[in-house]
Amino acid sequence: MTEWTDPETFAQALEQVETKEKGNCFEDFAEGDVIEHDPGLTLTQFGNEQWMGQTLNHDPAYWRTDAAEARGFDEPPVHPDYLTAATLGITVEDLSEKGGYFLGRTDVRFPESPVYTGTELHVESEVVNRATSSSRPEYGIVSWRTRGKDAETGDVLCSYERTNMIPRREPLATDGSGATATEDDDEPELPDTFVTPEGGYYEDFVEALETAADEDAAVAYRHERGRTQDDVTVAQLPLSTLNTAKQHHNVDVMSDSPSGNIVTYGDVTRSTALGHARSDEQTWREVGFDDESFHTFVAVGDTVYAFTRVLSAENDASSDRAGTVTFEHIAFNQDDEPVYSGTRTAEIQKRSN
Ligand SMILES: CC(C)(COP(=O)(O)OP(=O)(O)OC[C@H]1O[C@@H](n2cnc3c(N)ncnc32)[C@H](O)[C@@H]1OP(=O)(O)O)[C@@H](O)C(=O)NCCC(=O)NCCSC(=O)C[C@H](O)C(=O)O
């Protein structure tokens, strides 16, 4: 009898056997379904520091005990970007491992109290929307509300609503008239002047906004740092959050996909851009993120840069040592193409303290 490892025999066997599939297709989700995700992870100091180091999030309060204590923390806490990425990573096996892309997320919120390493994360999601894609019949669009909880206390540590393109088991029959690109003849509308804050304290943002209000101006600037994507950022960081999306580690499958290659996890792209932005400000606390969108793929060799527009500043932070600032951050690549955008509300330290 022929050995099964004989290449011809084995190729035939591969063709004839069933594949034990992973993940869910669009048809498997129904609005209202609640999914308790089986994977869970302990938020470790190693995981936290690996994430922050590779994404250039170097705020000393997350690295040094004295700086943490000065911020009112008992010790360096878990960084909100790592917490967000880990919360999403745990959900991938059930929600998006089948493929399809992370399109956007909104209403990302954290409680006021910090999360410390050693916390075990337990995550659940609810299907909140399921829609047909008019432009891509082989995909549907699914949104979930996800909550990452402290497994011991049940306290919600991170919550958000995210939307992905998810492959259909059966492509939708269409008349081929899906959405078509529209020519945009409009001239870009930009203000005459761009104001850059003098420094990174709350007062600097307030002053810059006041200056801009007096003229046709916006408070907007770019950050110098860039981070070229490599095997660590593209494959290692998502896997370290238990993110099993093939988009980040299976070159073989991804060669036959819209991106043609493995791509950077959306949470790595946005955290890197946010790291660049935070390096030019005195962050006190992250409050939340809204209207996050991923516009195009980021792959190994691409460089992630950041651009910031300051939208508003209010003196209503949880501590009188800070004020609240709302930003729009845009991550862009080496060809100046936006790859991510989103609004961020953060408490920024006051100079006067
Ligand atoms: C994915 C894309 C290639 C699609 O491009 P294109 O075909 O040009 O379509 P659109 O971008 O217009 O979008 C397709 C449909 O999806 C709807 N959409 C888009 N954004 C949102 C949103 N935020 N919320 C709801 N719906 C949204 C559009 O309206 C379109 O609908 P329809 O017209 O009816 O078809 C392109 O978007 C792209 O390249 N995006 C970047 C994707 C990416 O790189 N994401 C991060 C990496 S993947 C990842 O991180 C996976 C992660 O691990 C996970 O598991 O989630």
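Biologist: How many residues of the shell around the ligand are nonpolar, polar and charged?

Modeller: In this predicted model, the shell around the ligand has ten nonpolar, 16 polar and two charged residues. Ala, Val, Leu, Ile, Met, Phe, Trp, Tyr, Cys and Pro count as nonpolar, Asp, Glu, Lys and Arg as charged, and the others, including Gly, as polar.

Biologist: On what basis are the values computed?

Modeller: Residues are numbered from 1 along each chain as its sequence is written, and side-chain values use heavy atoms, with hydrogens and water left out. The model is predicted, so local features need pLDDT of at least 70 and side-chain atom pairs count only at pLDDT 80 or more, while totals for chains, interfaces and linings use all residues.

Biologist: Which residues come nearest to the ligand?

Modeller: Of the 28 residues around the ligand, Ser96, Ser133, Ser135, Arg136 and Arg162 come nearest. A residue is near a molecule if one of its heavy atoms lies within 4 Å of it.

Biologist: Which strand gives the most to the shell around the ligand?

Modeller: S6 does, with four residues; this strand spans 156–167. Strands are DSSP runs of E with at least two residues, and helices are runs of H or I with at least four, both numbered from the N terminus.

Biologist: Why is Ile141 called partly exposed?

Modeller: Buried means under 20% relative accessible area, exposed over 50%, and partly exposed in between (1.4 Å probe, protein chains only). Ile141 has a relative accessible area of 25%, and is therefore partly exposed. Its place is in strand S5 (residues 139–150).

Biologist: How confident is the predictor in the protein chain?

Modeller: On the pLDDT scale, which gives the predictor's confidence in each residue from 0 to 100, the protein chain averages 94, and 96% of the residues score at least 70. The model scores ipTM 0.96 and pTM 0.95.
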